[in-house]
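Subject: Structure handover

Hello,

Here is the structure, with notes on what came out of it below. Please go through them alongside the coordinates.

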Amino acid sequence: MSDKKAQLTVDGIDGTIEMPVLSGTLGPDVVDVGKLTGKGLFTYDPGFVSTAACESKITYIDGAKGQLLHRGYPIEQLAEQSDYLETCYLLMNGELPSAEEKREYVETIMNHTMVHESIVNFFKGFRYDAHPMAMMCGVVGALASFYHDSLDINDPEHRRISAHRLIAKMPTLAAMCYKHSKGQPFMYPDNNLGYAENFLHMMFGNPCEPSTIDPIVAKAMDVIFLLHADHEQNASTSTVRLAGSSGANPFACISSGIAALWGPAHGGANEAVLNMLQEIGDESRIDEYVAKAKDKNDPFRLMGFGHRVYKNFDPRSRVMQGICDEVLGAMGAENDPLLRIAKKLEKIALEDEYFVEKKLYPNVDFYSGIIMKAIGIPTDMFTVIFATGRTAGWIAHWNEMISNPYKIGRPRQLYTGYTQRDYMPLDKRK
Ligand code: SDX
């Protein structure tokens, strides 16, 4: 922290309002505006563009440098040298595990992959064409109905077991969404497989024959989960924190995060990118769509481009592009037409002065969909994959908040509605 101060003078308010300025280990200083209410003032910052809503030690993003650190470790190094479950441990506990800690953690997670058999009945209630994200919102929230023994959020052991259950069961539930949409039998987890391998087994396996999982695809899937694991105070993580600040149970909080992630401006962008590339359909039409994206009167945006924080490249997008080349190359699909359109679109956009001036670069969602499509994952499952990976970050932020002193989140407003007026009886109205 620091002893820096900020002084504010406001017309109509006597004197100067002095506020503490706090410094973190990295990133901008923050002005603690807590005392403004006592002076009859609120701050006003729709979309929280300039607002730090909490203190956190989990993830740091430097948008100007294209830097993403998880507990201080660069995402590029984690993607190259770590794996998803080790990153889950790091996000939650703050340190990389020892060999024994890692073995024990992986064993714990893999021993919680099954869901209660009654969950099967939940899926029977969904239409065959239900969107997987709609199903995930429902079934993840409903998990709370099975764990009455461990919902005391003030008990660290209950928080720990809930975190393990959520990380372990998200792939199982995600695969169940896919199997439901295909009318195929659900696959039970195989705890002898790795986390991502097991997910692919539950997605693409069937009870009639043994699963054959390509190790390149399994590794790519694990890195995709890892790249989506956490991203500071994004919209869905902030939703999880806000829901958690009321004391809601972790399953309900993660369900609220899934709901927020679904939007096309956030996690739903990966599905929107694929739909956009398929709509563009041919390299010859790229200029037409770039022009639409630049037209202020056209609501169309180039999906997979731009970011609230990154005003340089999104480091995850660069790793994702590398995986894309590797997986499609391994599958002999390096000439995939959508990949060709994506690469041409990226090149054109990065050379276009509109995108350069507005600092719009490909984000994590731009290439992820192409990889997932190549793996055989349907477009409407892309955001479910994002939610599965992001569960680690959501639950780490939830735990960080609940483990420290916190207040219920309750923003104020700038009210511009009617001043007080008397009720108008029905017979007096026009
Ligand atoms: C994720 O927050 C996170 O960390 C999110 C995430 C995570 O890991 O949790 O990184 C995951 O959500 C990535 C973003 C995925 N969304 C998309 O790809 C959808 C397309 N992108 C945009 O909708 C937009 O860029 C946002 C929502 C991502 C960011 O929006 P901001 O920060 O509110 O910026 P803005 O909308 O104010 O845009 C600034 C300007 C605007 O033009 P002007 O009003 O200044 O004239 O840039 C333009 C926008 O019109 N712009 C775009 C654009 N994105 C912004 N123009 C064309 N195409 C785009 N994609």
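Arg71 has a relative accessibility of 21%, and because buried means under 20% and exposed means over 50%, Arg71 counts as partly exposed. Please bear in mind that the model is predicted. Arg71 sits in the loop that joins strand E5 (67-70) to strand E6 (73-74). Its phi is positive, about 50°, although Arg71 is not a glycine. Most residues other than glycine have a negative phi.

Glu232 is another non-glycine residue with a positive phi, here about 65°. Glu232 lies in the loop between helix H8 (215-227) and H9, and is partly exposed at 24% relative accessible area.

H9 (residues 235-244) packs against H17 at an angle of about 40°, and the two axes are 9 Å apart. The crossing of H9 past H17 is right-handed. On the H9 side the contact is made by Ser236, Thr237, Val240, Arg241 and Gly244; H17 contributes Arg390, Trp394, His397, Trp398, Glu400, Met401 and Ile402. Sorted by class, this contact has 5 nonpolar, 4 polar and 3 charged residues.

Apart from neighbours within four places in sequence, Thr388 is in contact with Tyr84, Met170, Pro171, Ala174, Tyr195 and Phe225.

Regards

Key:
Residues are numbered from 1 along each chain as its sequence is written. This is a predicted model: local features need pLDDT of at least 70, side-chain atom pairs count only at pLDDT 80 or more; totals for chains, interfaces and linings use all residues. Side-chain values use heavy atoms; hydrogens and water are left out. Contact means heavy atoms within 4.5 Å. Axes are lines fitted to C-alpha atoms, for helices over the stretch in contact, and angles run from 0 to 180 degrees between N-to-C directions. Helices (H or I, at least four residues) and strands (E, at least two) are DSSP runs, numbered from the N terminus. A crossing is left-handed if the near helix is turned anticlockwise from the far one by less than a right angle, and right-handed if clockwise. Ala, Val, Leu, Ile, Met, Phe, Trp, Tyr, Cys and Pro count as nonpolar, Asp, Glu, Lys and Arg as charged, and the others, Gly among them, as polar. Buried means under 20% relative accessible area, exposed over 50%, partly exposed in between (1.4 Å probe, protein chains only).
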